Amino acid sequence: MSTAYEQSGRTRQKQRTRNDLIAAARDLITQGGAAPTVEEAAAAASISRTTAYRYFRSQAELLAAAHPEVELTSLLPADSGDDPETRLLAVVAAFIESLLKFEPQQRTMLRLSLEPSSQPEQLPLRQGRAIGWFEDALAPARDRLSEAAVHRLAIAVRSAVGIEALVWLVDVAGLSRDEAVDVMLSSARAIARAALSEGVDA
């Protein structure tokens, strides 16, 4: 969402400035992991702090602009229907698309998460949001699965499609990213189909 300042004259120049701040924030996350402050992004982009605050009034606004997914409560596309498997796979595909788009930042998050001294505030992109997105997609399955079973299924799918899986498939197994995406989608489909067909209540 743009501020009133951005909507006033010299639109193209202001859009460039905004984009420079967003790019700087993403670069800083890639380099160090922690969500940068507005001041840090301004310094990295060689933009004055006063100017930067005209675009982003807080660190939270900057992070939301750099990584819009942090504010999303659902990844379901419009007209997703009521079939749990179809809905889930649509969300998984959107999740993987975002993962690939921000792969450098996600790799940094993964690296930092393995360090014993890492703190939650250093991992703004690793807050368990995908579990909620997958549970949202599985809402129609609640007539055959308990809340615990839906949660367990969401976790199982997340374990097969996150940055951890992508890193292993690409770096260790030697797959291309397209091949890795196919494997992750197939894994998610198999996990979901098995759980939904069994309909085992936990």
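Which side chain of opposite charge is nearest to glutamate 135, and how far away is it? In this predicted model, local features are described where pLDDT is at least 70, side-chain atom pairs are counted at pLDDT 80 or more, and totals for chains, interfaces and linings use all residues. Residues are numbered from 1 along each chain as its sequence is written, and side-chain values use heavy atoms, with hydrogens and water left out.

The answer to the opening question is arginine 142, at 4.9 Å. Glutamate 135 is buried but has no salt bridge. Here buried stands for under 20% relative accessible area, exposed for over 50%, and partly exposed for values in between (1.4 Å probe, protein chains only). A salt bridge requires a side-chain nitrogen of Lys or Arg within 4 Å of a carboxyl oxygen of Asp or Glu. In terms of charge, Lys and Arg count as positive and Asp and Glu as negative, while His and the chain ends are not counted. Glutamate 135 belongs to helix 8 (residues 129-137); helices are DSSP runs (H or I, at least four residues), as are strands (E, at least two), numbered from the N terminus. Apart from neighbours within four places in sequence, glutamate 135 touches Arg142, Val150, His151 and Ala154, a contact being heavy atoms within 4.5 Å.

Arginine 142 does have a salt bridge, with glutamate 147 (2.7 Å, N to O). Its relative accessible area of 31% makes arginine 142 partly exposed. Arginine 144 and aspartate 143 are also joined by a salt bridge, at 3.9 Å from N to O. Of these two, arginine 144 is partly exposed at 35% relative accessible area, and aspartate 143 is exposed at 66%.

The count of salt bridges comes to 7. One of them joins arginine 107 to aspartate 171, with the closest N and O atoms 2.9 Å apart. Arginine 107 is in helix 7 (residues 103-113) and aspartate 171 in helix 10, so this pair ties together parts that are 64 residues apart in sequence. Arginine 107 is partly exposed, at 25%, and aspartate 171 is partly exposed too, at 44%. Both residues belong to a salt-bridge network that links Glu103, Arg107, Asp171 and Arg177.

Turning to the rings, the whole structure holds 2 aromatic pairs. Phenylalanine 95 and phenylalanine 134 pair edge-to-face, with 5.6 Å between centres and 85 degrees between planes. Rings of Phe, Tyr and Trp (its six-membered ring) pair if their centres lie within 6.5 Å; planes under 30 degrees apart count as stacked, over 60 as edge-to-face and the rest as tilted. Both phenylalanine 95 and phenylalanine 134 are buried, and ring pairs link Phe95, Trp133 and Phe134 into a cluster.

Phe134 is also a contact of valine 157, along with Leu88, Val92, Ala188 and Ile191, sequence neighbours within four places left aside. Valine 157 lies in helix 9 (residues 147-161) and is buried, at 0% relative accessibility. The C-alpha atoms of valine 157 and alanine 188 are 5.3 Å apart, although 31 residues separate them along the chain.

Finally, mean pLDDT, the predictor's confidence in each residue from 0 to 100, is 84 for the protein. Where pLDDT is low, the predicted coordinates should not be read in detail.
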